[in-house]
Amino acid sequence: FDPEHKKVCQDMKQPLSHYFINSSHNTYLIEDQFRGPSDITGYIRALKMGCRSVELDVWDGPDNEPVIYTGHTMTSQIVFRSVIDIINKYAFFASEYPLILCLENHCSIKQQKVMVQHMKKILGDKLHTQSPNTEESYLPSPESLKGKILIKA
């Protein structure tokens, strides 16, 4: 391991799409993907290890509260809001570069509105909401997106 790579040593002013991104799939699963438990500790571990892209499989939950789990399986469910709280707390623990939330959305419009309310309220100014510049043909750079959380759905 080259100790020089312990810190970012690349030019981070290129478009976001020019980089490989440390990502996590089924971040919420801490064991088996068909019947294992889902837990927020999966997000804490991934973010502490430097992941810059985490997955949230979101489904309609009881009492108009979206839940995260692998649909059509026996995995346990966690409340979407609690995952957003943890992401808010640990998003920039290991890196100040942007975090991408990959939302696999299976929710009704009603619960999608709840998701948006939670993300706006909890993530606040960290949430990147600026529309893309139609005059530019590239994505913004990681440097320009420091401290921001992006939504990919």
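Predicted model: local features only at pLDDT ≥ 70, side-chain atom pairs only at ≥ 80, totals over all residues.
Me: Why are α1 and α2 called roughly parallel?
Reply: The axes of α1 (residues 41-48) and α2 (residues 80-90) cross at roughly 20°. Angles under 35 degrees count as roughly parallel. Therefore α1 and α2 are roughly parallel to each other.

Me: What is the hand of the crossing where α1 passes α2?
Reply: α1 passes α2 in a right-handed crossing. The axes come within 10 Å.

Me: Which residues make that contact?
Reply: From α1, Y43, I44, L47 and K48 take part. From α2, the partners are V83, I86, I87 and Y90.

Me: How many nonpolar, polar and charged residues does the contact of α1 with α2 have?
Reply: By class, there are seven nonpolar residues, no polar ones and one charged. Lys counts as charged, and K48 of α1 is in the contact.

Me: Why is α2 called roughly parallel to α3?
Reply: The axes of α2 and α3 cross at roughly 25°. The limit for roughly parallel is under 35 degrees. That makes α2 roughly parallel to α3. These axes also come within 10 Å, and the crossing is right-handed.

Me: Which residues of α2 and α3 meet?
Reply: α2 brings F80, R81, I84, D85 and N88. α3 brings M115, H118, M119, I122 and L123. By class, the contact has six nonpolar, two polar and two charged residues. Asp and Arg count as charged; D85 and R81 of α2 are in this contact.

Me: What makes N88 partly exposed?
Reply: The relative accessible area of N88 is 22%. Buried means under 20%, and exposed means over 50%. N88 lies in between, so N88 is partly exposed.

Me: Where is N88, and which residues does N88 touch beyond four places away in sequence?
Reply: N88 sits in helix α2. Not counting residues up to four places away in sequence, N88 touches I122, L123 and K126. N88 and G124 are 36 residues apart in sequence, and their C-alpha atoms are 9.2 Å apart in space.

Me: Which members of the largest nonpolar core touch the most other members?
Reply: Y43, L56 and I87 do, out of 29 residues. At least two residues of this core come from each of α1, β2 (53-59), α2, β5 (99-106) and α3 (109-123). The largest share, six residues, is from α2.

Me: What does I87 contact, leaving aside neighbours within four places in sequence?
Reply: I87 is in contact with Y43, L47, V54, L56, L99, L101 and I149. Another core, of five residues, lies apart from the largest one. Among its residues are L16, I100, C102 and L150.

Me: Why is D63 called exposed?
Reply: D63 has a relative accessible area of 76%. Exposed means over 50%. So D63 is exposed. D63 is found in the loop between β2 and β3 (67-68).

Me: Why is N64 called partly exposed?
Reply: N64 has a relative accessible area of 27%. N64 lies in the loop between β2 and β3.

Me: What is the phi of D63, and what is the phi of N64?
Reply: Phi of D63 is near 55°. Phi of N64 is near 60°.

Terms used: Residues numbered from 1 in each chain as written. Heavy atoms only, no water. Axes fitted to C-alpha atoms, helices over the stretch in contact; angles between N-to-C directions. Parallel < 35°, antiparallel > 145°, perpendicular 65-115°, else oblique. Left-handed = near helix turned anticlockwise from the far one by under 90°. Contact = heavy atoms within 4.5 Å. Core = buried A, V, L, I, M, F, W, Y, C linked by side-chain atoms within 4.5 Å. Buried < 20%, exposed > 50% of the residue type's maximum accessible area, 1.4 Å probe, protein only.
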